[in-house]
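Reader: I've got a model open with a ligand in it. Can you walk me through how to read it?

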Amino acid sequence: MKGGQLIAFFMIKKREDSMKKIQMVDLVSQYEKIKPSIDMAIQDVIQHAHFINGPAVGRFQADLQTYLGVKHVIPCANGTDALQIAMMALGLKPGDEIITPSFTYIATTEVIALLGLTPVFVEVDPRTFCIDPTAIEAAITTKTKAIVPVHLYGQAANMNAVMEIAEKHQLFVIEDNAQAIGSDYHLSNGKKVKTGTIGDIGCTSFFPSKNLGCYGDGGAICTNNDDLARKIKMIANHGQQQKYVHEVVGCNSRLDTIQAAVLEVKLRQLDNYVDARREVAARYDEAFAGISGVQIPFRADDSKHVFHQYTLVLENANRNALQEHLTENDIPSMIYYPIPAHKQKMFAAFGSHTTDLPITDWLTERVISLPIHTEMDEEQQEFIIDTVKMFFANNN
Ligand SMILES: *Cc1c(COP(=O)(O)O)cnc(C)c1O
């Protein structure tokens, strides 16, 4: 036992010397591959001083509409704004209830409360990590106005079921597509569409580490509804359609031209980036499928997982010990998310900390995300796999 450990340690140590440092996301290596186009695009914005609403914004908007196959894309300042503006455009009133998973990034739920709306936290499916349609039905009241499914980690929520419930109860659907841009979804009518274009409104983020990330903050809202598109555009621009004529209370949320220029270049790579992430995920799957008590990511057959994160569920292993073991070997790992929304103090006024969400709590204590990005080489990944496997060999 001791000898085996020593040999394994030696092998790993030796490989590490020549290996590029492992990161959760490697944006520098990614930039180096597209450097000439990115540098030229940024220079062009600066040389023309087209910092606000420059031509790259319109070009990127049109490109993204084509890519997503959606009628309207409205770029904005970040993904959180996208969600806020989407909810403002639906004309919701204080006290209206919005059904959302608790197991998500805080931005999804935060904007609900910010607008004086009431978040109603429901369970997720423990396989997909996304909102559980049965839980939605059970949470609907006369005050329910909208559902916000989140395509967590790049796995689409069960949108066929969500849309059916929404139609039956006349509810709006806002998709939080911040982690799943590029994912395909098979509708029950046989059509294949992009996530974020299925509900009334889809919201996304171009935060640098997202699957389509810019070099700062950015976001976008999309819809196939002309009337909603007009309202969204107006709200994102101080509530005006005509300069200095303000029809509704809005905000100032724009995508910088420099960010749009970066995104115009990177959108052309998005499908390649998705493929690269899926290849990394497939290698992890193969390596970890046989470890007992470890749940590898589920691939729903109605969608294409785009692996914003590669997240394992450790049914009984000591997560802290695994994280420590990885850290000792210079491998980063993350817990997305350590505290579910319904347990956050910010929602104490809604009494949501007493909401019983056992699956969410269970997942929160057991998930761990490993490095996954477009630039991971096989040597790095083999090292991560060996290190994880060694932990289970010594702890099971
Ligand atoms: C990143 C993210 C957001 C917010 O995006 P920002 O651009 O950081 O404001 C919202 N929802 C989810 C699920 C996210 O991952």
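Author: Let's begin at the ligand: a polar side-chain atom of Lys 210 lies 3.1 Å from one of the ligand's oxygen atoms. That is a polar contact, meaning a pair of N or O atoms within 3.5 Å; inside protein, one must be able to donate a hydrogen and the other to accept it, and sequence neighbours count only if both atoms are side-chain atoms. Keep in mind that this is a predicted model, where local features need pLDDT of at least 70 and side-chain atom pairs count only at pLDDT 80 or more, while totals for chains, interfaces and linings use all residues. Residues are numbered from 1 along each chain as its sequence is written, and side-chain values use heavy atoms, with hydrogens and water left out.

Reader: What kinds of residue make up the shell around the ligand?

Author: Five are nonpolar, eight polar and two charged. Here Ala, Val, Leu, Ile, Met, Phe, Trp, Tyr, Cys and Pro count as nonpolar, Asp, Glu, Lys and Arg as charged, and the others, Gly among them, as polar. Helix α4 (79-89) gives the most, with three residues. Helices are DSSP runs (H or I, at least four residues), numbered from the N terminus.

Reader: How do I read two packed helices?

Author: Two packed helices are described by the angle between their axes and the distance between the axes. For α3 (residues 55-68) and α9 (residues 257-267), that's about 35° and 8 Å. The axes are lines fitted to C-alpha atoms over the stretch in contact, with angles from 0 to 180 degrees between N-to-C directions. The contact (heavy atoms within 4.5 Å) includes Phe 60 and Leu 64 of α3 and Ala 260 and Leu 263 of α9. Its residues divide into nine nonpolar, one polar and three charged.

Conventions
Helix = DSSP H or I, 4+ residues; strand = E, 2+ residues; numbered from the N terminus.
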